[in-house]
Amino acid sequence: MSFAVNLALAQALGVVSFGAYTYIVSWCGVLGLVSAFGFDRLLARDVAVYSTGAQWGHLKGLLSWANGVTLLAALSPFAVVLLLMKLFATSVRFPMLPVWLAGCVLVPLIALGSVQQATLRGLFRPVAGQVPELALQPLFLLAFL
């Protein structure tokens, strides 16, 4: 599905616009992975341990902590872009600023999505953990466009 969506986007947007789209989405993916702070690996392991041992209090605390830290880290690129826009708004023209702002909205979604997918893998639901990334994201992108 991702391949078909990218083909449709490349055809509809043209070379320059599709290149800008690819550049921003790639950066958002990198920032989303960095914002997850490795919680995807930790959660896949520790959620399985806590759920098998019926340690629901530890599991709830771990999930709350991981989601909070990830959300805070994922919102920081948006804050940086807004700060740069405020500081340099009069002296520098940003032709791709709206695209960057829209991309910064994706960073928390990507980071929190990876944390949630790892949680599902830890709960022994690996297929359910991959459905959002492999099927739903391309469908929502296609519907949004």
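Me: Leaving aside its neighbours within four places in sequence, which residues is Gln117 in contact with?
Reply: In this predicted model, Gln117 is in contact with Gly129, Pro132 and Glu133, once its neighbours within four places in sequence are set aside.

Me: Where is the place of Gln117?
Reply: Gln117 belongs to helix 5, which covers residues 97–122.

Me: Is Gln117 buried or exposed?
Reply: Gln117 has a relative accessible area of 12%, so this residue is buried. The cut-off for buried is under 20% relative accessible area.

Me: What is Ala66 in contact with, leaving aside its neighbours within four places in sequence?
Reply: With those neighbours within four places in sequence left aside, Ala66 is in contact with Phe39 and Leu43.

Me: Now the packing: at what angle do helix 3 and helix 5 pack?
Reply: The angle is about 30°, and the axes of helix 3 and helix 5 are 7 Å apart. Helix 3 and helix 5 are therefore roughly parallel to each other, as angles under 35 degrees count as roughly parallel.

Me: Is that crossing of helix 3 and helix 5 left-handed or right-handed?
Reply: Helix 3 and helix 5 cross in a right-handed manner. Helix 3 contributes Phe39, Asp40, Leu43, Ala44, Val47, Ala48 and Ser51 to the contact, while helix 5 contributes Ser114, Val115, Ala118, Thr119, Arg121 and Gly122.

Me: How do the residues of that contact of helix 3 with helix 5 divide?
Reply: In the contact of helix 3 with helix 5, seven residues are nonpolar, four are polar and two are charged.

Me: What about helix 4 and helix 5, at roughly what angle do their axes cross?
Reply: The axes of helix 4 and helix 5 cross at roughly 170° and come within 10 Å. Helix 4 and helix 5 are therefore roughly antiparallel to each other.

Me: Which residues make the contact there?
Reply: From helix 4 they include Leu63, Asn67, Thr70 and Ala74, and from helix 5 they include Leu97, Cys104, Ala111 and Val115. The residues of the contact of helix 4 with helix 5 divide into 17 nonpolar, four polar and no charged.

Definitions and conventions: Residues numbered from 1 in each chain as written. Predicted model: local features only at pLDDT ≥ 70, side-chain atom pairs only at ≥ 80, totals over all residues. Heavy atoms only, no water. Helix = DSSP H or I, 4+ residues; strand = E, 2+ residues; numbered from the N terminus. Buried < 20%, exposed > 50% of the residue type's maximum accessible area, 1.4 Å probe, protein only. Contact = heavy atoms within 4.5 Å. Axes fitted to C-alpha atoms, helices over the stretch in contact; angles between N-to-C directions. Parallel < 35°, antiparallel > 145°, perpendicular 65-115°, else oblique. Left-handed = near helix turned anticlockwise from the far one by under 90°. Nonpolar A, V, L, I, M, F, W, Y, C, P; charged D, E, K, R; others polar.
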